[in-house]
Amino acid sequence: MPHTELPENRQAEQAPAAPLFDWEGLGFDTRQVHAGDYADQNRGARVPPITLSAGYVFDSFDDGVARFAGESQEPIYSRQGNPTNAVAEQRIASLEGGTAAVVVSSGQAAITAALLALAESGEHIVSTASIYGGTRILFGRSFRRFGVSVDYVWNIDDDAEWEQAIRPETKAIYTETIPNPRNDVVDIARIAEVARRHGIPLVVDNTVATPYLLRPFEHGADIVVHSSTKFLSGHGAGVSGAIVDGGRFDWAATSRRYPLLTDPPRPGAGSYLDRFGPTAYAQYVREAVVNDIGPSLSPFNGFLLHQGIETLSLRMDRHVENSLAIARWLTEQPEVVGVDYAGLPENPLHELAQRHYGGRTGSVFAFTVAGGIEGARAFSDGLSVFSRMTGIGDTRSMVLHPLTTTHASFPAELNARLGITPGMLRLSVGIESLDDLLADLRRGLDRVARLA
């Protein structure tokens, strides 16, 4: 059959639309699926492939010079960056509203890299007191050996306590949006006021809330970190972490010096701030912390991360729906002494939870059973749907006894002040059928009842 030429205007009408690669301004659900996608050269594969390569070929001698000088964003070596991981980085930065992100090998690596980019030996960090037990251990053990000290503020509304904690050598304030395990949500805007007053960047761990429930940059934070092993990945299959640069902190104008960012790294070179502007902090983290120390993310785990993010909002809706229903149900059970869930009206943090989260305060919270540690043991060993394990943010529901696990190394006085009691259990509520989860919890509570 002879080929018939279409009129020129008709050909233009039938030309396929070009795919989008700039997702700015589109909705959260769209960006969680598409942000970070790149034009693939692998026969049109729709899903970005796993790039298993330690290094990358330079186009020319001068291209290698440009990459090492920071004049090109093309990768040098996978310790610094990888095309698969770049998808996750751009996606997380988009969802959080930051200028750039760096993914690393774990959440602990993210916290470490984020803070070591700010504080050197002999300097100081202030943290809110209610944070994940593993982070307290990191601060009290490894950071202490690095020469970086950490002090804690217990009452964030007490200006005098902040003034006492902050020193001339304080280089960062650290907090979590929804602390683990007690769901004692934090007023990020309040802490941001303190940070601004003192010219200090505020670093916020947003692991439990995720950018779907709250975006710390919108409340005044400067840097966000994630254990993206948890809700961002969502399936408990790969360990990863992320650091997000808000791009708003004025590193040059503050009275506290951040020479790692503002001073030239070598003669004849511009500072990170001069060269990279609103992404200077992220670039420094990538080049001078992650590259030097080496907590690079496997591209396979980077793939699991950006795949998991695609369903973040869908999973978080079910996580929160199940958690609120379970928290309410637990308050009605005679074997339960107390429930720490800020989304409940009777919780002292409920007003803040409503104001910042619309009452949706995630799916990691604690409750206390009668009978102390024996009650906790009986309850935990009676569960079959909930997995007895560390970790949070999985599609699967999990239970843990903090006093004998995450907080086992802490002095009794500290645990008492943190509210970590013998009968307390932490739940990470998954996305299973609510009726099945309630039935499993009831089986555990029935064993507690038999102890009485």
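In the predicted model, the largest nonpolar core comprises 112 residues, of which I243, Y281, I326, L330 and L427 touch the most other members. The greatest contribution to this core comes from helix α14, spanning residues 312-331, which supplies eight residues. A further core lies apart from it and consists of six residues, including F410, L414, I420 and M424. In soluble globular proteins, nonpolar side chains tend to be buried together.

The surroundings of I243 were examined next. When neighbours within four places in sequence are set aside, I243 is in contact with A100, A101, V102, V104, A110, A113 and A114, with I223, V224 and V225, and with Y281 and V285. Y281 is itself listed with I243 among the core residues that touch the most other members.

I50, L52 and F300 make a nonpolar patch of about 310 Å². F300 belongs to helix α13, which covers residues 299-309. The relative accessibility of F300 is 44%, so this residue counts as partly exposed, the category between buried, under 20%, and exposed, over 50%.

The strands β8, β9, β12, β11 and β10 form an open sheet of five strands with mixed pairing, in the order β8-β9-β12-β11-β10. Its edges are β8 (336-340) and β10 (387-388), each of which pairs on one side only. The pairing of β10 with β11 (residues 398-400) is parallel and extends over two bridges. S387 has M398 of β11 as its bridge partner.

Methods:
Residues are numbered from 1 along each chain as its sequence is written. This is a predicted model: local features need pLDDT of at least 70, side-chain atom pairs count only at pLDDT 80 or more; totals for chains, interfaces and linings use all residues. Side-chain values use heavy atoms; hydrogens and water are left out. Patches are made of residues with over 30% relative accessible area and no salt bridge: like charges are joined within 9 Å, nonpolar side chains (Val, Leu, Ile, Met, Phe, Trp, Tyr) within 5 Å. Accessible areas come from the Shrake-Rupley method with a 1.4 Å probe; for residues, only the protein chains shown count as cover. A salt bridge is a side-chain nitrogen of Lys or Arg within 4 Å of a carboxyl oxygen of Asp or Glu. Helices (H or I, at least four residues) and strands (E, at least two) are DSSP runs, numbered from the N terminus. Buried means under 20% relative accessible area, exposed over 50%, partly exposed in between (1.4 Å probe, protein chains only). A nonpolar core is a set of buried Ala, Val, Leu, Ile, Met, Phe, Trp, Tyr and Cys residues joined through side-chain atoms within 4.5 Å. Contact means heavy atoms within 4.5 Å. Two strands pair if DSSP finds at least two bridges between them.
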